[in-house]
Amino acid sequence: MYQIECESCPHEWMLGSAATQIQKSRAKLAEYIKANKEDIVLIENCTAATASVIRAVGLRAGDTAIHLSTAYGMVKNCLLYCAAATGANVVEVKVEFSCRMAPVSRNGHPLDLVLAKTIDEAISKGSRVALVTFDYISSCPGVIMPVHTLAKVCKSRGVPCFIDGAHVLGQLKLNCFALEASGVTFFMSDAHKWLFSPKGSAILWVSRSAQTGVYPSVIGAVCSNSPATSFHPDATRGLSDFELRFQYTGTRDYTPMIAVSDALSFRKRIGENLILGYNHGLALWAQEWLSTTWRTEILVPPECTAAMAHVRMPVQWSGAAVLLNRMLKDKYAMHVMCFALPARVHLGEAVQTHWVRPCIQLFISRNDVLAFGLAVQELAPRCDSVAKYFARWLAISRARKQLRATCMAPVMAHKITLGFCVAPTQPVLEQEHSAHELVDESHMQHMSAESSGVAAVAKYSAGSLGSGQSLQTPEHLK
């Protein structure tokens, strides 16, 4: 509907209608996440939001940026890129999980204590901690993190705190006022993952005190200097500089941002509590039933679970996990996120473990979970057998290759040359020599070249070709 409106009169749409409707979406979102409208902007995705935030903190040489090991790959990449360009340092805090407790550090200590120690160590070395970032709900695994506790650690040390909430909108109830009170400076979330909004819609919330330096990836705001090709006054009236910067970022499709309003209206008709309650309840039931059926384990306790279940896969080999995921798609048209976790030190594990992350939405039922569980139960033993024999074959193949390389080492220990020429052992023939003499001289040169060629082969086999050593001509060729 919105795209039809846009194409029917693009000029008026971009400069008036779209901008006005985006303001309505922002107003609804502000109410939904308990925030001031002036502190929220709509943006295309969390990747763009991350770039805006990291540029805003102004990394400098010697600065430190800290993230948890659960950080999404895009966030890590963006931090590493900006740190490399400025000479800053990026520090990672390891996180581990257990079904008996909230996420902890690698040694089993509480995350907030380890984060505090990491910040303090950087400061003691004279480094400015420019940013600390962590997830509200991580991606793989999709675990609710102790954001308020971690944010308070940052606030007590005057460090900006950036929360990646890509999976939060539509999974949990949000309160940005409470987040800000705990010490959160920046918060972002996608609207297309769980809120039922189209792809290309996300939010960026910024504390009022930090908005001055936050700009979009693309600088736009007005189309041109001509009044006829700029925004309708009603579309920008009363907006702050922060809001205006994100109002227009070039010719693009703004309909997903406008559709956020419709997604929120849809959720209101069904009932927000009903949606959240159904998804959370089915996720808890799913991981209990799957872990019992597969005789495995659940990754985290119920209080760390929103609408994504986490169950250990009934396989032993990493290749089996990959194969099982592929077979679920090919045979049963089932897509589920599979991932591996490093050995959990605080639990005494020595090898990595493999997990699935079924996502629960209104269109998923218990029957879907049952079908998924039985499909995995059928395919897992076969996948494990294939992976086991492949691993053995690979080990034997590598051992044979190593043995072959060891045995061939003395033979192959030579220097490679692209070629060599044989200098004639006889002087160049003069033109006045007779034909008979030419034949005799040619024969002598041929024999000399043949002798030198044999000597070269002998040097190659002995590994001395090109080493400066000389080999005597064999006696039978003299």
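**Strand pairing and the sheet**

Tutor: Ala65 has Leu131, a residue of β6, as its bridge partner. Please keep in mind that this is a predicted model.

Student: Which strands pair over 4 bridges, and in what sense?

Tutor: They are β2, residues 64-68, and β6, residues 129-135, and they pair in the parallel sense. In general, strands of a sheet pair through backbone hydrogen bonds, in either a parallel or an antiparallel way.

Student: How many strands form the open sheet, and in what order?

Tutor: The open sheet has 7 strands, in the order β1-β9-β8-β7-β6-β2-β3, and its pairing is mixed. At its edges are β1 (40-43) and β3 (89-93), each of which pairs on one side only. From one strand to the next, the twist averages 20°.

Student: Which strands does helix α3 lie across?

Tutor: Helix α3, residues 46-57, lies across β1, β6, β7 (161-164), β8 (186-190) and β9 (202-206). Its direction is at about 165° to β8. Helix α6, residues 147-156, also packs on the sheet, where it touches β2, β6 and β7. The direction of α6 makes about 175° with that of β6.

Student: Let us turn to Thr185. Where is it found?

Tutor: Thr185 is in the loop that lies between α7 (176-182) and β8.

Student: Is Thr185 buried or exposed, and why?

Tutor: Thr185 counts as buried because its relative accessible area is 14%, and buried means under 20%.

Student: What is Thr185 in contact with, leaving aside its neighbours within four places in sequence?

Tutor: Its contacts are Pro160, Cys161, Trp205, Val206, Ser207 and Ala210.

Student: Now for the surface. Which residues form the nonpolar patch?

Tutor: The patch is formed by Phe196, Phe266, Ile270, Leu274, Tyr278 and Phe363, with about 550 Å² of accessible area together. The elements that give two or more residues to it are α10 (255-270) and α11 (272-294).

Student: Where is Tyr278, and why does it count as partly exposed?

Tutor: Tyr278 is in helix α11. Tyr278 counts as partly exposed because its relative accessibility is 33%, which falls between the limits of 20% for buried and 50% for exposed.

Student: To finish, what does the whole protein look like in numbers?

Tutor: The protein has 14 helices and 12 strands. Of its 478 residues, 44% are buried. It exposes about 24,500 Å², and carbon and sulfur atoms supply 58% of that area. Among contacts with a separation of 6 or more, 72% are between residues 24 or more positions apart.

Technical notes:
Residues are numbered from 1 along each chain as its sequence is written. This is a predicted model: local features need pLDDT of at least 70, side-chain atom pairs count only at pLDDT 80 or more; totals for chains, interfaces and linings use all residues. Side-chain values use heavy atoms; hydrogens and water are left out. Patches are made of residues with over 30% relative accessible area and no salt bridge: like charges are joined within 9 Å, nonpolar side chains (Val, Leu, Ile, Met, Phe, Trp, Tyr) within 5 Å. Accessible areas come from the Shrake-Rupley method with a 1.4 Å probe; for residues, only the protein chains shown count as cover. A salt bridge is a side-chain nitrogen of Lys or Arg within 4 Å of a carboxyl oxygen of Asp or Glu. Buried means under 20% relative accessible area, exposed over 50%, partly exposed in between (1.4 Å probe, protein chains only). Two strands pair if DSSP finds at least two bridges between them. Axes are lines fitted to C-alpha atoms, for helices over the stretch in contact, and angles run from 0 to 180 degrees between N-to-C directions. Contact means heavy atoms within 4.5 Å.
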